[in-house]
Amino acid sequence: MNHTRYALLFGITIYALLLFGFSGVPDADIFYHFAIAKLYLKEGFVSKLPWPELAIQFQEFTDFHFLFHILQIPFVLLPFEDTISIKLFILVSISTLLYTIQRYLLSKSPNTSPYFIVTFFILGSILFTGRMLFGRGNLLFFCLYFLCLHLWNPKNVYKILVISFVSVWTYSGFPYLLLTAIFISLLDSKKENLKILSYVTTGMILGMIFHPSFPYQFKGYFIELVLQTMPPKGIEPIAEWLPPTKEILILGFITTFPLLLLCFRNGIHSKFEPTSIVFLFLGITNLIFASASLRVFEISWLMFFVFIFLNLKINIRYQLFISLLVFVIQIPIAYDKMGQQFKSSETKYGQIVTDWVRFNIPKGEKIFLSWADYPYFTFKIPDYHFLFGLNPLYAWSYDQKSYFTQKAFFEGNLQGFQFIPKAMDYNTIVINKHYYGYTAKTFKDLSIDYILAFENEKYSIFVRTNPNKNNKKEAIINPK
């Protein structure tokens with residue numbers, strides 16, 4: 001028991017080093033989630049968001065991470081600087097996941113060293129750890145996922161029912177729990193597994209029907225689970241949709257494949273742990289999808305991880321040796337990669353710009369802002385309205401013509417693009433020069449309706465010279 005606790009403390013220490021060793025946060029999307037938590041704290045549950053002008057969420061809001069946002073509220077109230085509170089939340093969340101998965105694996109493989117489990121879970125894949133430290137709803141979902149597997153017994157069906165119910169409110173990837181239950185039942189179709197499957201299914205159906213976002217959740221999950229899997233033509237690809245590079249795949253699996261091969265070698269001489277075949281199958285299928293989209297990588301690697309530790313039978317001394325080797329090799333790489341990630345998400349210039357807006361633009365004004373900057377701006381200056389929200393699909397689903405119109409502006413490749421903000425009746429424009437440097441420069445040279453009011457290394461702010469005169473009909477923009 002002491003070794004289990006010490007190993008957990010060791011893992012939490014590594015996470016703290018990777019989180020608090022740098023300023024800022026590892027991913028900007030966490031600001032959006034905390035903005036939702038602040039909104040709930042101020043106004044209670046909401047059926048639409050007050051910030052995006054061009055987004056389905058302005059009309060009907062489906063909160064895929066409802067329970068996740070509720071758990072963030074106590075951290076919003078902490079008397080610390082914002083990024084410290086956010087990183088504390090991420091640390092608590094990922095430490096809880098570490099505890100849950102350690103408990104599950106040790107119950108299945110009691111002869112496995114807890115240090116081996118912890119070290120490999122954190123440093124076995126730099127990409128996996130980096131993505132989990134983004135602090136998204138999958139942290140909470142995976143906690144419930146492994147808790148459900150730990151309780152996988154007909155005696156616990158009511159607990160499993162409750163877990164399945166609330167899992168729907170944590171993360172849009174909740175169907176993975178149902179898929180796992182289905183494959184376990186197919187692999188071993190004894191009466192007990194079929195009974196548990198029925199409770200998992202019932203819990204998820206009830207969780208979907210009695211969703212806090214009722215009645216908008218059905219359309220919301222269609223957009224999130226179906227449209228995002230096959231994005232319509234012409235929509236800007238977010239990072240999640242892009243295929244991983246060779247370097248990313250190497251960093252993701254370099255320490256995993258040797259252990260997988262060792263498991264297969266052991267499996268020749270003895271049978272695999274029965275349910276572990278399910279995790280192997282899910283790992284392989286998700287890896288196929290991950291080769292085309294980064295969105296499902298963490299699930300792929302996690303499934304391989306569980307398969308390995310349910311089947312790897314090696315001497316405890318070898319386990320400790322591998323743990324030490326992985327730690328020595330991977331910790332400097334992990335620290336370096338996390339430093340790069342924090343740098344790419346730095347908010348120094350965003351802080352300056354949001355302060356400028358707060359002091360110079362009246363509250364309630366509309367700001368022409370790209371979707372990539374939406375999370376931070378909604379968190380820092382929630383009293384304003386922005387062009388559209390977190391994901392281009394939400395804008396496309398709301399108004400396709402307006403979506404492609406604003407897209408043409410930021411791409412800057414349409415003749416007359418400088419008239420688009422005025423045609424859409426925006427008095428303030430914020431352009432991220434890191435993403436749209438050409439647009440910022442060209443707009444400054446061509447526009448006769450806006451002047452450059454402020455800029456720094458990352459952003460340019462333009463304000464309309466005659467905001468009271470609305471000439472939307474003067475410019476006819478056809479981005480297609």
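Biologist: What is the handedness of the crossing of H3 and H4?
Modeller: In this predicted model, H3 and H4 cross in a right-handed manner.

Biologist: Which residues make that contact?
Modeller: From H3, the contact uses Phe-68, Leu-71, Gln-72 and Phe-75. H4 contributes Ser-85, Leu-88, Phe-89 and Val-92.

Biologist: How many of them are nonpolar, polar or charged?
Modeller: The contact of H3 with H4 has six nonpolar residues and two polar ones, with no charged residues.

Biologist: At what angle do the two helices pack, and how far apart are their axes?
Modeller: Helix H3, residues 66-76, packs against helix H4, residues 82-108, at an angle of about 125°, and the axes are 10 Å apart.

Biologist: Turning to H7 and H9, at what angle do their axes cross?
Modeller: The axes of H7, residues 138-150, and H9, residues 175-187, cross at roughly 25° and come within 10 Å. Because angles under 35 degrees count as roughly parallel, H7 is described as roughly parallel to H9.

Biologist: Is that crossing left-handed or right-handed?
Modeller: H7 passes H9 in a right-handed crossing.

Biologist: Which residues meet there?
Modeller: Phe-141, Tyr-145, Cys-148 and Leu-149 of H7 meet Tyr-176, Leu-177, Thr-180 and Ile-184 of H9. By class, the contact of H7 with H9 comprises seven nonpolar residues, one polar residue and no charged residues.

Biologist: A change of topic: where does Tyr-459 lie?
Modeller: Tyr-459 lies in strand S5, which covers residues 459-464.

Biologist: Is Tyr-459 buried or exposed, and why?
Modeller: Tyr-459 has 3% relative accessibility, and buried means under 20%, so Tyr-459 counts as buried.

Biologist: What does Tyr-459 touch, leaving out residues up to four places away in sequence?
Modeller: Its contacts include Tyr-349, Gly-350, Val-353, Asp-373 and Phe-377. Tyr-459 also touches Val-430, Ile-431, Asn-432, Lys-433 and Phe-454.

Biologist: How far apart are Tyr-459 and Ile-431?
Modeller: In sequence, Tyr-459 and Ile-431 are 28 residues apart, while their C-alpha atoms are 5.6 Å apart in space.

Biologist: Finally, what is the mean pLDDT of the protein?
Modeller: The mean pLDDT is 90, and 96% of the residues reach 70 or more.

Biologist: Over which residues is the pLDDT below 50?
Modeller: The pLDDT is below 50 over residues 471-480. Beyond near neighbours in sequence, that stretch has 22 contacts in the model.

Notes
Residues are numbered from 1 along each chain as its sequence is written. This is a predicted model: local features need pLDDT of at least 70, side-chain atom pairs count only at pLDDT 80 or more; totals for chains, interfaces and linings use all residues. Side-chain values use heavy atoms; hydrogens and water are left out. Axes are lines fitted to C-alpha atoms, for helices over the stretch in contact, and angles run from 0 to 180 degrees between N-to-C directions. Helices (H or I, at least four residues) and strands (E, at least two) are DSSP runs, numbered from the N terminus. Angles under 35 degrees count as roughly parallel, over 145 as roughly antiparallel, 65 to 115 as roughly perpendicular and the rest as oblique. A crossing is left-handed if the near helix is turned anticlockwise from the far one by less than a right angle, and right-handed if clockwise. Contact means heavy atoms within 4.5 Å. Ala, Val, Leu, Ile, Met, Phe, Trp, Tyr, Cys and Pro count as nonpolar, Asp, Glu, Lys and Arg as charged, and the others, Gly among them, as polar. pLDDT is the predictor's confidence in each residue, from 0 to 100. Buried means under 20% relative accessible area, exposed over 50%, partly exposed in between (1.4 Å probe, protein chains only).
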